[in-house]
Amino acid sequence: MKYEPKPNAFSIPVRVYYEDTDAGGVVYYANYLKFFERCRTEWMRFAGHDQSALAAEAGIGFVARKASCEYLKPARLDDELTVGLEVEKLTRVRVVFRQHVRRGDVELVTGTVEIACVNMVTMTPSAIPDFLHQKLEALK
C-alpha cells in the first residue's frame, strides 16, 4: 500500500555524504536520528521559531524524551532522500512525531520521536508557551 501523507506533513531533502556512511558504504544507523532532528528543527523554523531564539527569549528548549526506529532498507552514499514528519500528538509539554526517511517512494526508515519542552535553566518540564502551542496546533 502506498503511503499517503497527512495534509500537514512536512519534509526536507537530505543528501547522503561520505561522513554519513559506515565502512560498508551505507548510512550508519544512528545518523537517521540526526536526519530526523534536522527535519524537526526545520519544521520549527517553518512555524516561525528557531531553537536559539526560543531559548533566549522564552527560556525554553525541546529535548528528546523517547525515540524508536525501524530500519527497512539501506541508504547509500550520494542518495537523495526525503526526511519527513507528521505530528501524532501535541500536549501542553510534549510533541510526538511520526518520522520517515524515503528515497523516492521507497520507505527506508520509519520511527517515532517524542520531544518535551523544558525550562533551559532548570532542565525541568515546562508548558509550551501559548503563542507557540497555537502555531504548532495549526501545523498538526
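Modeller: A contact, or touch, means that heavy atoms lie within 4.5 Å. The model is a predicted one, in which local features need pLDDT of at least 70 and side-chain atom pairs count only at pLDDT 80 or more, while totals for chains, interfaces and linings use all residues. Residues are numbered from 1 along each chain as its sequence is written, and side-chain values use heavy atoms, with hydrogens and water left out.

Helices (H or I, at least four residues) and strands (E, at least two) are DSSP runs, numbered from the N terminus. Leaving aside residues up to four places away in sequence, Asn31 touches Glu19 and Asp20. Asn31 has a relative accessible area of 8%, so this residue is buried. The classes are buried (under 20% relative accessible area), exposed (over 50%) and partly exposed (in between), with a 1.4 Å probe and protein chains only.

Tyr29 sits in the loop between S1 and H1. Its relative accessibility is 47%, so Tyr29 counts as partly exposed. Tyr28 is also partly exposed, because its relative accessible area is 38%. From Tyr29 to Tyr17 the C-alpha to C-alpha distance is 14 Å, and the two are twelve residues apart in sequence.

Now the rings. Rings of Phe, Tyr and Trp (its six-membered ring) pair if their centres lie within 6.5 Å; planes under 30 degrees apart are stacked, over 60 edge-to-face, and the rest tilted. By this rule there are six aromatic pairs. In one of them, Tyr28 and Tyr29, the ring centres are 4.8 Å apart and the planes stand at 55°, so the pair is tilted. Another pair, Trp43 with Phe97, is edge-to-face, with 5.2 Å from centre to centre and 85° between the planes. Trp43 belongs to helix H1 and Phe97 to strand S4 (residues 94-103), so this pair ties together parts that are 54 residues apart in sequence. Both Trp43 and Phe97 are buried. Ring pairs also link Tyr28, Tyr29, Tyr32, Phe35 and Tyr71 into a cluster.

Trp43 leads on to the core. A nonpolar core is a set of buried Ala, Val, Leu, Ile, Met, Phe, Trp, Tyr and Cys residues joined through side-chain atoms within 4.5 Å. The largest one has 33 residues, and Trp43, Phe62, Val83, Val101 and Leu132 have the most contacts inside it. At least two residues of this core come from each of strand S1 (10-15), H1, strand S2 (60-71), strand S3 (80-90), S4, strand S5 (106-119) and helix H3 (130-138). H1 gives the largest share, six residues. As for Phe62, residues that it touches include Met44, Leu54, Ile115 and Leu132, not counting those up to four places away in sequence.

Last, the setting of the helix. The protein has three helices and five strands, which follow the pattern β-α-α-β-β-β-β-α along the sequence. Buried residues make up 39% of its 140 residues. Of the contacts with a separation of 6 or more, 68% join residues 24 or more positions apart. The C-alpha trace spans about 45 × 30 × 25 Å along its principal axes.
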